[in-house]
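Here is a short briefing on one protein chain.

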Amino acid sequence: MLDRQAARDGQDRTCSDWLWQLEDESPIETQPLPEPDPAPQVYLVSGAFSECLGDEAQPFSSAARTLSAAGYRIATIVVSGRSGSRHNAQQIADRLEHAPPGEAGPVILIGYSKGANDILEFLVRYPELAARVASVVSVAGAIGGSPLAATAGGYYDALLSWIPSDRCPAGDGDVIDSLRQQERRDWLAQNTLPDSVRYYSVAAFTTRPRVADGLLPSWKLLLPYERRNDGQLLAGDALIPGSTLLGYIDADHWSAAIDVESVHPVLGARPDPTPFPRAALLEAILLQVSD
């Protein structure tokens, strides 16, 4: 997949340049790629503040266009960027309940950042609709919350000051509170996820050369908690309990799924300007989940 992406954008890097190999992991074995499965309907669910950055900053936006052209069925559910998970679970339910005929079939839900939390809330609150869901994938998901939710409200206010208010409706205003670690831990302890769904996780962490300038303050704030952080989350907090770990990617929180470096070049500037191969990551996720 990286070979195909290299042919499109000129990158010449291998998987080892983008994936972490941790000390307790077994060696990576190269296997033949499975055939793409066009049957599932894939929904990408946006994360906290994602709608504030415009359409091109939705998760995997350019990657989704590339893979859709190759036959995958991919749509995006843009949930409220400044609302809590209960509010956004309703939006996911409404989207699935009123899906057009062309989106029939088994469903794969891929949640980016807080979008992963919103998906889990949807599964618990709307079991009849959740019965359509075959798999859920968390990509840099805020599953366990973030220490930043308790300490960095001013940082988010400063970040939002860059963004026109008409792009970022207030919603119910619960986005930060819903990302507090204790709230997330309580929710996970009190709710049982349906066992008919398969769960997968992709976590991210990186070092300074791949940290966007807009994430540098929060990345530094998280270092005393855990050096393995993506500028928004600690790596361990990005995993759905009991899920299959697909891998740890060498990327910051934005680069894992959105093209901030092109949409907002000041916020997205990095010492290492090579963009993360998001199309290859998304296709690898879909092939693994469908296989």
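Predicted model: local features only at pLDDT ≥ 70, side-chain atom pairs only at ≥ 80, totals over all residues.

Residues are numbered from 1 along each chain as its sequence is written, and side-chain values use heavy atoms, with hydrogens and water left out.

**Whole chain**
- The protein chain has 12 helices and six strands. Helices (H or I, at least four residues) and strands (E, at least two) are DSSP runs, numbered from the N terminus.
- Of its 291 residues, 53% are buried. Buried means under 20% relative accessible area, exposed over 50%, partly exposed in between (1.4 Å probe, protein chains only).
- The chain exposes about 13100 Å², with 52% supplied by carbon and sulfur atoms. Areas come from the Shrake-Rupley method with a 1.4 Å probe; for residues, only the protein chains shown count as cover.
- Take contacts (heavy atoms within 4.5 Å) between residues at least 6 apart in sequence: 80% join residues at least 24 apart.

**Strands**
- β3 and β4 pair in parallel over six bridges. Pairing requires at least two DSSP bridges between two strands.
- G111 has S138 in β4 as its bridge partner.
- β4 also pairs in parallel with β5 (residues 198-205), over five bridges.
- V139 is bridged to V202 in β5.
- Six of the seven residues in β4 (133-139) are buried.

**E103**
- E103 lies in the loop between α3 (85-97) and β3 (107-112).
- E103 counts as buried because its relative accessibility is 12%.
- Beyond its neighbours within four places in sequence, E103 contacts Q41, Y43, R73, A75, R95 and R132.
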